[in-house]
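Try each one yourself before reading its solution.

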Amino acid sequence: MDLSEYIENNSKNYKLYSEIPDICRSEPCVLGVDEAGRGPVLGPMVYGICYCPVSKNTDLKELGVDDSKALTEEQREKLLDKVLENKDYLGWAVDVLAPRYISTSMYRRGKYNLNSMSHDTAIGLIQGALDKGVNVTEVYVDTVGPPEKYQAKLQQIFPTLKITVAKKADSLYPCVSAASICAKVARDQVLKAWTFPEGEEAEGPWGSGYPADPVTKKFLQSQFHPIFGFPSLVRFSWKTAEKIIEEKGIKVEWEEIEPEEEENKNPSVTQWLVKSTPKATNNSSANVRVHPYFRERCLAPLTSL
């Protein structure tokens with residue numbers, strides 16, 4: 001899984017699709033969707049999908065895939081290697097949402113919360129697989145919010161697919177477990193290789209990234225700047241970060257300037273006319289200021305009838 005493009009520029013979102021196995025184009029496929037990093041105050045949120053032919057679903061289960069949260073980092077990496085090795089019938093994709101994107105989206109004037117963001121990302125990955133020719137017939141999703149509403153939403157968008165949305169789907173359906181592993185390993189990799197843009201200075205460790213983690217709390221407190229806030233790794237829209245900004249940040253009041261009233265809201269038509277200057281007594285032409293309206297149309301003053 002080559003995430004070097006995102007690692008080089010972690011301020012923008014990044015999608016990565018595997019090669020599509022030929023069998024996944026010709027045979028009906030199951031597709032699982034899951035995420036990693038939804039709750040942490042640090043780092044990206046990563047959505048993953050994994051798909052295989054319905055006829056190979058048992059083979060996927062036999063690989064030993066399980067909920068990524070129930071596995072150690074070493075176990076996850078070994079299972080990802082198995083997924084990558086079986087590329088003749090397994091395909092996958094990840095969508096990495098940068099922490100800056102998450103924060104700015106949540107602070108948009110038109111509210112765009114994390115649930116909506118999650119739904120849209122999952123929908124985008126499913127649609128992306130379909131657009132690339134994967135013969136998806138069944139989709140299994142680990143829920144975000146009430147599963148019934150989420151399932152109805154997906155079913156309306158993809159009416160020809162069999163949609164199943166469930167709590168703890170990553171421990172119930174092998175394709176969701178595999179998607180969970182893809183997402184979690186991708187997030188771990190980009191966090192390990194995280195680079196800060198020029199001008200930002202930050203030092204770890206930063207812990208798990210979850211707000212309750214004492215190491216993460218210490219990192220947030222030590223890396224906060226009273227004017228410039230947090231480094232780009234931090235989701236500043238999280239309550240944990242907002243509290244620190246409120247307590248330690250320099251408060252700024254933006255004065256709202258009332259627009260000045262225009263003196264001539266309804267100018268008279270005479271303002272657009274130029275008064276002619278009387279002829280000089282020595283019959284020489286006087287210099288007359290001509291409005292651009294007349295000059296552009298090659299119109300001259302009429303002095304006599």
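The exercises below go from the whole chain to a helix, a pair of cysteines and the core.

**Exercise 1. Get an overview of the protein chain: how confident is the prediction, and how many helices and strands are there?**

Solution. Start with confidence, since this is a predicted model. The mean pLDDT of the protein chain is 85, and 85% of its residues reach 70 or more. Of the 305 residues, 42% count as buried. Among contacts with a separation of 6 or more, 71% join residues 24 or more positions apart.

**Exercise 2. Work out which residues of helix 9 are buried, and where they lie around the helix axis.**

Solution. First list the buried residues of helix 9 (residues 214-223): Thr-216, Phe-219, Leu-220 and Gln-223. Looking down the axis, these buried residues fall within an arc of 95°, so they line one face of helix 9. To find the partner of the buried residues, look at helix 10 (239-248), against which they pack. Last, inspect the start of helix 9: a side-chain oxygen of Asp-213 comes within 2.9 Å of the backbone nitrogen of Val-215.

**Exercise 3. Decide whether Cys-24 is in a disulfide or in none.**

Solution. A search of the whole structure gives 0 disulfides. For Cys-24, the nearest cysteine sulfur is that of Cys-29, 4.0 Å away. A disulfide needs the sulfur atoms within 2.5 Å, so at 4.0 Å the sulfur of Cys-29 is too far from that of Cys-24 for a bond.

**Exercise 4. Find which residues touch the most other members of the largest nonpolar core.**

Solution. This core has 81 residues, and Leu-31, Val-33 and Val-139 touch the most other members. Helix 8 (residues 174-192) gives the most to the core, with 11 residues. Now take Val-33 as an example: leaving out residues up to four places away in sequence, its contacts include Tyr-47, Ile-49, Ala-122, Val-139 and Val-176.

How values were computed: Residues numbered from 1 in each chain as written. Predicted model: local features only at pLDDT ≥ 70, side-chain atom pairs only at ≥ 80, totals over all residues. Heavy atoms only, no water. pLDDT = per-residue confidence, 0-100. Buried < 20%, exposed > 50% of the residue type's maximum accessible area, 1.4 Å probe, protein only. Helix = DSSP H or I, 4+ residues; strand = E, 2+ residues; numbered from the N terminus. Arc of directions from axis to C-beta. Contact = heavy atoms within 4.5 Å. Polar contact = N/O pair within 3.5 Å; in protein donor to acceptor, adjacent residues only side chain to side chain. Core = buried A, V, L, I, M, F, W, Y, C linked by side-chain atoms within 4.5 Å.
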